[in-house]
Amino acid sequence: MMYTPTTNHYIFVRRNRFYRATEVLRTSVWWCADNTEQSLPIMLLLLCNRSVVPRGIRRILRTAATVTPLRWNHTGPGASETLLEKNIRNIGILAHIDGGKTTTTERMLFYAGKTNVLGEVHHGNTVTDFLVQERERGITICSAAVSFDWRDHRVNLLDTPGHIDFTMEVEQSLAAVDGTVVILDGSAGVEAQTVTVWSQADRHRLPRLVFVNKMDKESADFEGCLEELEKKLGVVPVPLQLPVIKEGKLAGVVDVLSGAQVVWDKQNHGRTYKAIPLVDQQLVEAQDKLYQIIDVLSGMDDGLAQAIIESDSMDNVKPELVASAIRACTMKQQIVPVFLGSAYKNIGVQLLMDAVLKYLPAPNERNEIYNCFGSDFVGKISKVTHDKQRGPLSLVRVFRGTLKKGAKIITAKGTSETIQRIYAPWADEYREISSISAGNVGLCAGPKSTVTGDLVVANASVLRNAIKKLSPTNDGVEEDDINELLASKLSFHTVVPDAVYFCSIEPPSSSYQAALDAALREIQREDPSLRVSYDETTMQTVLGGMGKLHLEIIKSRILSEYKIDVDLGPLQIAYKETLEEPARGSWTAEKEIAGSKQLVRMEVTVHAKRKDERFLLDSSPEAQENLRMIRPRQMSYVRKGSLAALERGPKLGGQLMDVAVTLHQLTIGKGTADTFIMAATAQCVRHVLSSAKCRLMEPIMLLEMVMPAEHLNPILADLGKRRCEILDVTARGQQHKVLRANAPLAELEDYSSEVRCISSGTASVSMEPNGYALLSEMDEASAIRRAHGLE
């Protein structure tokens, strides 16, 4: 293609033929691969008027094999090509809301060559925030997976939400990664949701890096962030970089290990950077920091300690040995390497990407427990999404073997699925590939019944062999115990948080009810933290969610994706119930069904839970003599019925908390169906609970507020009216205070707006669930009246 400025013409050349287009508006550039004959690359321009496109140009457009949007630039090896596991990194990006996760992800994609423009959250053009609701609100709601190549490595990255209402998305993502990057706001430090996501990463035993973002702010405090990491999270932070501040602005970073100052070129959005040797005071400070790092590492890494002893000095220790010790201690979660920069100002991101490759583990360095499957395929479903054209898509993390297109797999529950298509992860866009190798992640179309946390294997024999290796002392494992065994050994059970709010949901008319039910099933499969139930008393569908925003997003998605304008009822707090004292009772269920007599007679006690188990058997000799006659299969249905009854209390139908059931006597008639046993058990437990003395427990939220010092007293006075418990008040910098308090959720409706009014918009508030507390009798009576619509 050529441009002739004298005539304002663009000339397209193809196969020695010339085509001319006039009055061309060069709005954006797309790349096209013409796979016919010589496969010549052709640059295409968007024309301001299709009528001026010559027929020759139209013919080029028709013969072009693929046209790819600007942000989707395939480089490097294909996702389906076999990569060595040592060259793969699976990472998650975690942070408090507005910490800069999505902006950092956009910079990584830009510098890796996957995008040609810098996406911005406030412009609504980022790759990973693709939902309409995400772009309207400027927040991440659903985790999104993307892949890119960096320095001969494949990086599979999951960008996660930072809002507490969507913590389930974080939980799902952590099941698919081998390490995480936790992003801090340099001016805010460790915030409430930072503590939450850190605890989630602890539960998955994931090594972590910390990136102190937004260091371009005047109020940014790198040393303060290091102190909060040590104090609030109880970790050993190892700062491998230091900020370079010039005229009050972040000008670059000091790389402590290399002893150089790194400066980024602002003219090309930070694509290039240069290292400048340190001199004078900067060099002294960097050497002192390096000695501190070596001193900390020498107490954890024997190899480094031996090298120091042999050289009789820290000066002669090779940088490669220090880097090796940092990696080893990071893998053991003994330290947390800390980096800094400003993603928005394009500073520090490439060094963070290098650190991901250097210090976070490859897939073959973790997950050794899956060796029991040998070289056969085994993977885990970490997330399920729905696409209008492709149907349900399961995000699969492959631990061993290779998952190929057209393969048949089974879940640990025994259901069989067929993999129809496989796609490389790229947010809401899909590129079909032929397979997923070990250590990689991919989206699979075809599975109809898989849910988050499902273990998937090649066939039933592979699963049986793995179970034998996991339980070598047993000849076999009962079918009902397979999931429990796998959950305990392989840690694939997903922790679903309890709902905080409930509300009814109704379609605009009864003709939409079936469509609404189908939509809720799909959304609930994507988001296990959404609870959907049917209240037989009010004959309404009831939703349970993690917060007001969570339920608002569900309503918005049903409207935008399923075109159903639903109505949500008033929000109801998800109270729980507990027992004040034990209650004992008996129950007899006798009925004739289809000519067969069904009989169940039992005696149980409901009481405060003394152990982790919620269903117990009476250990007295008289009870054991009776219970020994019950078959294990029948006893399993008694257990299921007891646990089901504990999900709904007698006062407001809330889950019973810290309550267990002890079975004393049980008689089951000959020929009694298993389902009848389970139903009779549930009736017995509910009968005993109806006469027991129960109390309501309300959810407590941990508040963290940052405010100017002059607004502290008015906010403390307002919290005093809301039954709050003040935990502490600390200083942040010269002018701000940080207040932490426990507050009942019932007192926090629209509290963010109240705080903004009190502080003239200068204070910020975040909250997260922090357990339950007993209600007083007066507050309990008020809560019951509100739940029944009497207040």
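**N213 touches G99, G100, T104, I183, L184, D185, G186, G341, S342 and A343, residues up to four places away in sequence being left out.** Contact means heavy atoms within 4.5 Å. The model is predicted, so local features require pLDDT of at least 70 and side-chain atom pairs pLDDT 80 or more, whereas totals for chains, interfaces and linings use all residues. Residues are numbered from 1 along each chain as its sequence is written, and side-chain values use heavy atoms, with hydrogens and water left out. N213 belongs to strand 11 (residues 208–213); helices (H or I, at least four residues) and strands (E, at least two) are DSSP runs numbered from the N terminus. With a relative accessibility of 3%, N213 counts as buried (buried, under 20% relative accessible area; exposed, over 50%; partly exposed, in between; 1.4 Å probe, protein chains only).

**Helix 2 (residues 101–111) is mostly covered.** Eleven of the eleven residues of helix 2 are buried. They are K101, T102, T103, T104, T105, E106, R107, M108, L109, F110 and Y111. Among them, T104 is also one of the residues touched by N213. After helix 2 comes G113, which has a positive phi, near 85°.

**The largest nonpolar core contains 90 residues.** A nonpolar core is a set of buried Ala, Val, Leu, Ile, Met, Phe, Trp, Tyr and Cys residues joined through side-chain atoms within 4.5 Å. The members that touch the most other members are F148, V181, V210, L229 and L297. Helix 10 (residues 349–359) contributes the most to this core, with eight residues. Apart from neighbours within four places in sequence, L297 is in contact with L304, V322, A325, I326, C329 and I335. A second, separate core has 35 residues, including I573, L712, A741 and A743. Over the protein chain of 791 residues, 51% count as buried. The chain has 20 helices and 41 strands. Of its contacts between residues at least 6 apart in sequence, 71% join residues at least 24 apart.

**Helix 11 (residues 460–470) has buried residues on one side.** V462, L463, A466, I467 and L470 are the buried residues in this view. They cover an arc of only 135° around the axis, which puts them on the same side of helix 11; the arc is that of the directions from the helix axis to the C-beta atoms. On the other side of helix 11, K468 and K469 are exposed. An α-helix has 3.6 residues a turn, so residues three or four places apart point the same way.

**W264 and Y273 form a tilted aromatic pair.** Six aromatic pairs are counted, where rings of Phe, Tyr and Trp (its six-membered ring) pair if their centres lie within 6.5 Å, with planes under 30 degrees apart called stacked, over 60 edge-to-face and the rest tilted. The rings of W264 and Y273 are 5.4 Å apart, centre to centre, with 35° between the planes. W264 is buried at 7% relative accessibility, while Y273 is partly exposed at 32%. Elsewhere, Y370, F373 and F399 are linked into a cluster by ring pairs.

**S529 lies in the loop between helix 13 (513–526) and strand 29 (531–535).** S529 is buried, at a relative accessible area of 1%. Its side chain makes a polar contact with the side chain of D527 (2.5 Å). A polar contact is a pair of N or O atoms within 3.5 Å; within protein, one must be able to donate a hydrogen and the other to accept it, and residues adjacent in sequence count only if both atoms are side-chain atoms. Beyond its neighbours within four places in sequence, S529 is in contact with M168, V496, P497, G544, G545, M546 and H550.

**R639 lies in helix 16 (residues 632–645).** R639 is partly exposed, at 35% relative accessibility. Neighbours within four places in sequence aside, R639 is in contact with E613 and F615. R639 and L617 are 22 residues apart in sequence, and their C-alpha atoms are 10.0 Å apart in space.

**P714 is placed in helix 18 (residues 712–720).** P714 is partly exposed, with a relative accessible area of 37%. P714 and S759 are separated by 45 residues in sequence and by 8.3 Å in space, C-alpha to C-alpha.
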